[in-house]
Amino acid sequence: MSVAALGRVAVAPAAEHGASLWSDAWRRLGRNRAAVTAGVFLAVMAALTVAAPWLPGLADPTLQDLRLGAVPPSPQHWFGTDELGRDLLSRVVYGGRISMLVGLVGTLVSLVIGVTWGAVAGYAGGRVDDFMMRVVDILYALPYIFLVILLLVLFSKTLIMLFVALGLVQWLTMARIVRGQVLSLKTQTFVEAARALGAPDAAIVFRHIVPNTLGPVIVYTTLTVPAVILQEAFLSFLGLGVQPPAASWGTLVSNGSQVIALFPWLVIFPGIALSLTLLCFNFLGDGLRDALDPQDRRDVA
Amino acid sequence: MTTFILRRVLLFVPTLWAIATLTFFMVRLAPGGPFLAERDIPAAARAQLAHTYGLDQPLTAQYTRFLANAVRLDFGPSYKFPARQVREIIAEAFPVSLELGVWALLLALLVGVPIGVIAAVRQNTAADTAAMGLALAGVSIPNYVLGPTLVLGLSLSLFLFPPALWQGPESRVLPVLTLATTYVAYIARLTRAGMLEVLRQDFVRTARAKGLAERAVVMKHALKLGVLPVVSYLGPASAGVIMGSLVVEKIFAVPGLGRHLVNAAFNRDYTLVTGIVLFYAGFLMTFNLLVDIAYTRLDPRIELS
Amino acid sequence: MMPVRAWARAALLAAVALGAGCRNTGPAAAPPAAHTAALERRYFGDSSPPSDNTFRFNNGAEPEIYDPGLAVGQPDGRVCRIMFEGLTVPDPVTLAPLPGQAERWESTPDGLTYTFHLRRGLAWTDGAPVTAGDFAWSWLRVLRPATAARYASMLYPIANAEAYNNGTLADSTQVGIRAPDDSTLVVRLSHPTPYFVFMTEFYTYLPVPRRVIERYGSQWTRPGNIVSNGPFSLVEWRQADHFTFVKSRTYWDAANVRLDKVIAYSVEDLNTSVNLYKAGAIHWTTSGYVPSQFIPYLMQFEDFQHGRYHGVYFYSVNVTRKPLDNPWVRRALNYAIDRDAIANDLLKRTRDPWGNMTPIPYAGYEHPPGLTYDPVRARECLARAGFPDGRGFPKVAILFNTSEDHRRLAEAIQAMWKQVLHIDVELSNQEWGSYLEATTTLHYDIARRSWIGDYLDPTTFLGLGVSNDGNNRTGWSNPRYDALLHAAAAEPDPVKRMRTLRDAEALLLDEGPFIPVYHYTINDLVKPYVRGIQPTALDTHDLKFVWIDHGFRRNAPAVATAGNQGQ
């Protein structure tokens, strides 16, 4: 293929190959082995936690054995037991249900709100930007504990409330990061070009600018997942989130950290589950970023 | 630029007012109050306390009095520690949090940015994976696990550092390390992401084509833009760090501001909560303004209208 | 390994020398030398005594206010007692009142009037003499409504004190406190109170310097302003960090005070407290600052002290809610709890199972039979209440403030009630402020609570059951119970009085809204070279009896009493 043709592909991808940004990205993602492995692993973990009640051989996570107390990993209890004699492996598996759900949904919510808010503010600039960013400042400054306590007072303790409480703050820094990126990108030539072509503002923002911010956005999103999972443990402390005897990875880690000198396995195993999940999200995120990178189009036929 | 700065500084006033008002009403709406305790107080004492703190007046009167005092930076005595003024508590706790936070951020930047740059430049190699893996460990291990682990290892087993308290330079090490690790992860990841974006851009290709050494390309041209997401992140992160991390302060018994805020919230110490929140808000907005100014320095194409 | 460690230490020492200036020598611990390693294993952590006579300990949460008349919690009280001394001081073991500022006292046969004689030569730290007038003024100040003292009720045994404090009596001269001369204090009580002299140890009864308060107002407690009369005086205070006290030269018994300096830290976190102790940075963790899960492990060490603490952990039942208003339901709930299993298996014997609402035996008081574990009887009671085999029993919730310990206990009890009674209860945790609101406004079904007694008499616990008492918080009201307590208050014969109180407790246990679970215990870590600290029922200690035995490895560990504290 001639050099000139190569250049044309870089500017106007859609027409040439009939592949939109997304389906093309999907194909490229499939070629990224690390991302695929991570995705499969996550799917398996999610399936395991969902299927927990029907898994053969998995102990009842609420069954206490006071006389046994906390014992280290053994053939009867692969992950050991907690102070009430409950099997830790089963608590980690059941705990994954809430944590993975919380991690995913909480992060998605913060992603959507944060990106939209930040992109609009950055693109609009001027007074709109000032106002929108001041709203972010205000929400940031307000004491989170009271926001949650008031939520609990005004509404009942449901799963939706949990997501609301989680979503309240996570999107703020995301918005700020996106705004920064957009400020930088909106002065670039491709934006001028799109404007010259008559594209409406919304399209410019969401079809052209946002995809170019995806790098830092995806990275921050993958970092948000463990933060959200751990934040749920803090909410549990306030009375929202999982209530005993149920547990989540966050509460398991948080409670285990109190006795880390005595029973380290109580932190290690849920901690590993958390770290593995984070690692998978990261590889997946990296893969996504590479796949969606509009400038990285190397595989042209 | 000057008009921009002026406009932003003027915006401090309505924003702080909004935060002050919202906080004032929020803390009073929360169930419980400053004088509830496990042990009942005699009715006379309760009445007298309500009178001293003005709680027996209508809410609007309390609010106006609060605003009038807040403007003069007088938040009154703490409810929980009636012999101390909120102003004093903040003045004594803040330098501690500041010191802890500054060290942690400096360390995080000194370690995180280079890691991120190296990872970006050597993308998808072993160095990249190793660097990112380390950074990720920092984010998935919460402070309340890392802190005690460091104490167990470096303090109680190896006797290198004291296990807690804020006395002497050796006592700074473990709290700063614990606090910094989370930030290292974010900073390293964001730097890498930012650098990756930048290194693909036209002007970088131009610089390379012009024959500039790779190092100069990276350090002089790409880095300034590559750290943009880190700078965005640093705005609220700096304010947050300086406010003090509750967990680190609790584990290491550091007399900082973070502990005070959380305890005040649980104790319904209205004045202390409001004072600290406003103090924090002031910092936050100042940092965000500085971040915006930094944008223009780093990326000359950005104009803040 | 060794060379790295040595290098690290050298580098640190250099850094310390350069940077620190004259910081105090507390925190960095030294690894034990090889030849004492065997000895060290008997003790938890570093057991080498400090080179000086400075006693360091963890006082726990930051004191809210350490003005003795206004002080509220244990941390406040401890700080007050270090600086101020009352008419009497507690014996290091029995807490019996020993002469403090008063050298002797007597009471009239009807038990209504007490006369205290102050020592000669008592002085405040600014040199002025301590007089009976100081005590009178201080106590009246606590009772004055404008002072808003939260512990004013401690002085209510005094005639007309309660009336003056709640505003019904305006004339303070009618309150039963008189100081006929500088060294005599005469107190008239409203009813015979056998434990009154004991009360004078309490921090609300400590004297405060009038002229200093009048001069500095609320700032009088600052180091530099403060004037005190106790064994130590305050020289430094860093909020949320530490207090520093030095031996007071004007204290009447200064010759027998063997510590030069006392440093009280305000470390909230339990794990941190234990770590500091292990490193030797503090010499004593006060009770409650050792995580309960550590206690079984710590019990093997000689420097771990264990004893009974004057408190009961119980569940409060809101009798204004159905079906908890039915005493048969309450009895069922009580009999279905296996307290032994909780104390021995769940709590690993760190606490004692307890089925009474009054704790450790009081002199002359015989506890009524406590509640026991009787699943058969429990089921009968529940059936009698109209819920045979738990059928139809509505969902109730156990409320507790968020804490690992409360959670585990609630889960265990939830499981017990399910297993024995076949009822389902939910668990609900709230943060502290919301929890307090819920319990004081009766917005709960069953709530976890604790009560720590202030003085060694059953009434400090039995008072919880009185109708409309602010600390009742259950809505339970029983005129017969109230009558019994009134009768006991007026009873001059101590034997009869104790019997009446016993009847009251029996009634409380049978019909009452409380479900006792366990008896609190003292769990302290005290370095082997610290003498003078033993577990006491109220966890109070007078630091004047404490000293550091630098030669402790040669001397046998001694139990310090007031008698041999100088040896």
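Visitor: How many residues does helix H16 of chain C have, and what does it reach from its first C-alpha to its last?

Guide: Helices are DSSP runs of H or I with at least four residues, strands are runs of E with at least two, and both are numbered from the N terminus. The expected span of a helix is 1.5 Å times one less than its number of residues. Helix H16 (residues 479-490) of chain C has twelve residues and reaches 17 Å, close to the 16 Å expected.

Visitor: What kind of model is this?

Guide: This is a predicted model, where local features need pLDDT of at least 70, side-chain atom pairs count only at pLDDT 80 or more, and totals for chains, interfaces and linings use all residues. Residues are numbered from 1 along each chain as its sequence is written, while chains are lettered from A and ligands numbered from 1 in the order in which they are written.

Visitor: Which residues of H16(C) are buried?

Guide: A residue is buried if 20 or more other C-beta atoms, placed from the backbone, lie within 10 Å of its own, exposed if 12 or fewer, and partly exposed in between. Here the buried ones are C:Tyr481, C:Leu484 and C:Ala488. The face turned away from the buried side carries the exposed C:Pro479, C:Ala483 and C:Ala490.

Visitor: What is the order of the strands in the open sheet of chain C?

Guide: Two strands pair if DSSP finds at least two bridges between them. The four strands have the order S4-S5-S7-S6, with antiparallel pairing. Strand S4 (102-107) and strand S6 (177-181) of chain C each have a single partner strand, so one side of each is left without a neighbour in the sheet.

Visitor: How many bridges join S6(C) to S7(C)?

Guide: Three bridges join S6(C) to strand S7 (residues 184-188) of chain C. In S7(C), C:Thr184 is the bridge partner of C:Asp181.

Visitor: How many residues of chain C are in contact with chain B?

Guide: Two residues are in contact if their C-beta atoms, placed from the backbone, lie within 7 Å. By that rule, 52 residues of chain C touch 48 residues of chain B. Helix H1 (2-19), helix H8 (270-279) and helix H14 (432-440) of chain C each supply at least two residues of that side.

Visitor: How many helices and strands does chain A have?

Guide: Chain A comes to twelve helices and zero strands. Of its 301 residues, 49% are buried.
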